[in-house]
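Come along and check each entry with me.

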Amino acid sequence: MEKGKIELHQVDTYVWEIPQQGEMRVPGRIYASKKILEEIRLDESPQQVANVACLPGIVKYSLAMPDVHWGYGFPIGGVAAMDVEEGVISPGGVGYDINCGVRLLRTNLTFPEVEPRLEALVEELYRNIPTGVGAKGGIGKLSKAEVRELAVKGIDWAIERGYATPADKDRTEELGRLAGADPDKVSEQAIERGTHQVGTLGSGNHFL
């Protein structure tokens, strides 16, 4: 299909369906408002939603979240469940950096209070949040030993040093620590690269 010409049917206020057709094994679904959908259709992510629906073993739908945009195989923001017997395993589906998480910060500010100050707020966030290649965070450069300790302790390492709270732990996947984490399985090069990146937003497809 031509770019932006994927067939979409509205099935709910914020749900748009790509009908099953051609080699698609299931329909595709995009979760978005009409306004957001207009932006989504500017790239080829709807086509990628349809492509994912062709994968062997996919269950029920090929899904796309409201932040969906053009990705590697899947669209970024794409989700698909696979049958345990017949489904595919693709570590490079969305991309090779599959370690990203999503966090939501709640404040007591209302939109009418924030709206007149949006530009200033964004500028202040950029000033205060280290991001991009070579960014340096408030934590400073760690030793390799500290990086290995962090890999094992996870969020407990941050709590011990005042960078996080127990409440943060309760709101993090796996309570902020992967059982069985073994830094000896991580290359020296990767550990060295991590010594100055802790506490930064990172680079590439990371945004706030």
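My entries below go from the whole chain to single residues.

**Ground rules.** I am looking at a predicted model, in which local features need pLDDT of at least 70 and side-chain atom pairs count only at pLDDT 80 or more, while totals for chains, interfaces and linings use all residues. I number residues from 1 along each chain as its sequence is written, and side-chain values use heavy atoms, with hydrogens and water left out.

**Whole chain.** I found 8 helices and 5 strands; these are DSSP runs numbered from the N terminus, with helices (H or I) of at least four residues and strands (E) of at least two. I read their order from the N terminus as β-β-β-α-α-β-β-α-α-α-α-α-α. I noted that the C-alpha trace spans about 55 × 50 × 30 Å along its principal axes. Of the 208 residues, 28% count as buried; buried means under 20% relative accessible area, exposed over 50%, and partly exposed in between (1.4 Å probe, protein chains only).

**The cores.** I next looked up the largest nonpolar core, which has 18 residues. Such a core is a set of buried Ala, Val, Leu, Ile, Met, Phe, Trp, Tyr and Cys residues joined through side-chain atoms within 4.5 Å. Which residues touch the most other members? They are Leu8, Ile18 and Ile30. Strand S2 (15-18), helix H1 (34-40), helix H2 (45-52) and strand S4 each supply at least two residues of this core.

**A surface patch.** I then turned to Phe111, Leu118, Leu121, Leu125 and Leu208, which form a nonpolar patch on the surface with about 480 Å² of accessible area together. Helix H4 (residues 118-128) gives the largest share, 3 residues. Leu125 is found in helix H4, and I logged Leu125 as partly exposed at 32% relative accessibility.

**A glycine in a loop.** I found Gly73 in the loop between strand S4 (58-69) and strand S5 (76-82). Is Gly73 buried or partly exposed? Gly73 is partly exposed, with a relative accessible area of 32%. Apart from neighbours within four places in sequence, Gly73 is in contact with Gln48, Val52 and Gly93. The C-alpha atoms of Gly73 and Val94 are separated by 5.7 Å, though the two residues are 21 apart along the chain.

Key: Contact = heavy atoms within 4.5 Å. Patch = residues over 30% accessible without salt bridge, like charges linked within 9 Å, V, L, I, M, F, W, Y side chains within 5 Å. Areas by Shrake-Rupley, 256 points an atom, 1.4 Å probe, with all protein chains shown as cover. Salt bridge = Lys/Arg side-chain N within 4 Å of Asp/Glu carboxyl O.
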